[in-house]
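The sequence and the model are shown first, and a description follows.

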Amino acid sequence: CKILRCNSEYVAATLHLRGPGRGAAFCTALRSYSLCTRRTARTCRGDLAFHSAVHGIEDLMIQNNCSKEGPTAPPRPQPPAPNPQGFESLDICDYERSFLYKHGRPPGFQHCAAFGDPHIRTFHDDFHTCRVEGSWPLLDNDYLFVQATSSPVAKGSNATVTSKLTIIFKNMKECIDQKVYQAELDNVPAAFQDGSVNGGMRPGGSSLVIWERSPGRHVEIRADYIGTTIAVRQAGRQLSFSIRAAEEVARAFTEEQDLQLCVGGCPHSQRMSRSPRGRGRVPAETAQALCREMLPVEDVYFQSCVFDVVTSGDTNFTMAAHGALEDARLFLTDAEKLHIFQ
């Protein structure tokens with residue numbers, strides 16, 4: 001069964017095709033893909049990847065209004081593989097490309113964020129406000145460990161904010177050395193703890209890179225070898241964390257790794273209402289007006305902003321909620337999931 005060869009030829013033919021003008025070339029590539037699957041149909045009869053590809057081609061042709069009759073591209077010459085593993089070995093540190101090659105479709109992604117009080121948006125789009133003083137794991141899986149350390153937002157307050165973030169990119173021998181990133185209040189570095197800005201000297205070292213988006217305030221870490229992007233920000237006296245992770249990566253943990261705020265949210269004993277009782281440091285009406293300037297939609301990001309400004313008296317929390325919303329806008333594949341209303 002040569003379905004993987006058909007998949008790789010299709011990927012190679014469409015990688016450069018982008019935007020609304022791709023129509024004719026994309027349909028040509030789909031017809032070529034269909035022709036390739038028909039040629040290998042006899043030997044692939046019992047192969048799930050083959051049947052998945054056939055159904056996928058039909059769906060894509062309908063979605064793109066492609067006719068079944070028309071020109072097909074000549075088969076691409078196969079470059080000599082430098083080793084027996086060929087494509088998979090060359091691209092093992094490019095998760096999205098490798099996944100597309102293996103499955104004939106792009107991977108799915110999930111988003112999690114922790115900001116402000118802290119407020120947690122989980123991979124499953126649940127939303128909690130936590131008191132969680134001390135250190136708690138946001139993520140703990142086969143590829144990543146992320147720990148947030150919280151401290152009281154103000155003296156005598158139950159509300160807490162993230163004051164330190166520790167992110168461990170676990171050793172992946174084909175791609176990167178283990179790397180540790182640590183941010184604290186007023187120290188959001190654009191480098192790992194060892195001073196490096198990438199995954200090390202291995203052939204796939206460039207598949208892990210830190211970018212400084214705003215000096216001392218906002219960094220982005222791209223881990224292409226696991227299809228993951230992380231944003232770390234400081235707004236006022238708190239840190240925030242956002243992640244876009246491949247579904248396969250987000251789910252790569254055992255039953256023992258059950259405490260992950262990005263997966264299960266805050267433990268019930270640590271959840272707080274976002275309707276603060278008693279006297280706040282800023283009147284609720286003032287906080288609402290400030291938050292509405294940055295967050296015109298009154299969703300959970302807006303509610304969280306109001307809660308944080310009332311509780312702390314720090315107007316910089318409007319920037320924290322706004323930054324978290326902007327990260328979600330970038331990281332979510334489904335725009336309809338951007339706003340959560342409770």
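## Loops and backbone

Aspartate 125 lies in the loop between strand 2 and strand 3 (127-130); strands are DSSP runs of E with at least two residues, helices are runs of H or I with at least four, and both are numbered from the N terminus. The phi of aspartate 125 is near 65°, a positive value in a residue other than glycine. With a relative accessible area of 23%, aspartate 125 is partly exposed; buried means under 20%, exposed over 50%, and partly exposed in between, using a 1.4 Å probe and protein chains only.

Aspartate 186, in the loop between strand 7 (179-184) and strand 8 (208-214), also has a positive phi of about 65° although it is not a glycine. A cis peptide bond, with omega about 15°, joins aspartate 117 and proline 118. Proline 118 is placed in the loop between strand 1 (109-115) and strand 2 (119-121).

## Basis of the model

The model is predicted: local features need pLDDT of at least 70 and side-chain atom pairs count only at pLDDT 80 or more, while totals for chains, interfaces and linings use all residues. Residues are numbered from 1 along each chain as its sequence is written, and side-chain values use heavy atoms, leaving out hydrogens and water.

## Domains

The protein chain is divided into domain 1 (2-64) and domain 2 (109-270), with bounds from an automatic or database domain assignment. The domain centres, taken over C-alpha atoms, are separated by 37 Å.

## Nonpolar cores

A nonpolar core is a set of buried Ala, Val, Leu, Ile, Met, Phe, Trp, Tyr and Cys residues joined through side-chain atoms within 4.5 Å. The largest has 46 residues, of which Leu138, Phe169, Tyr181, Tyr225 and Phe241 touch the most other members. Strand 11 (residues 238-246) gives the most to this core, with five residues. A second, separate core of 24 residues includes Phe115, Cys291, Phe302 and Ala324.

Leaving aside neighbours within four places in sequence, leucine 138 is in contact with residues including Ala114, Ile120, Val146 and Phe241, where contact means heavy atoms within 4.5 Å.

## Serine 240

Serine 240 is located in strand 11 and counts as buried, at 4% relative accessibility. Apart from neighbours within four places in sequence, serine 240 is in contact with Ala114, Phe115, Leu165, Ala231, Val232 and Arg233.
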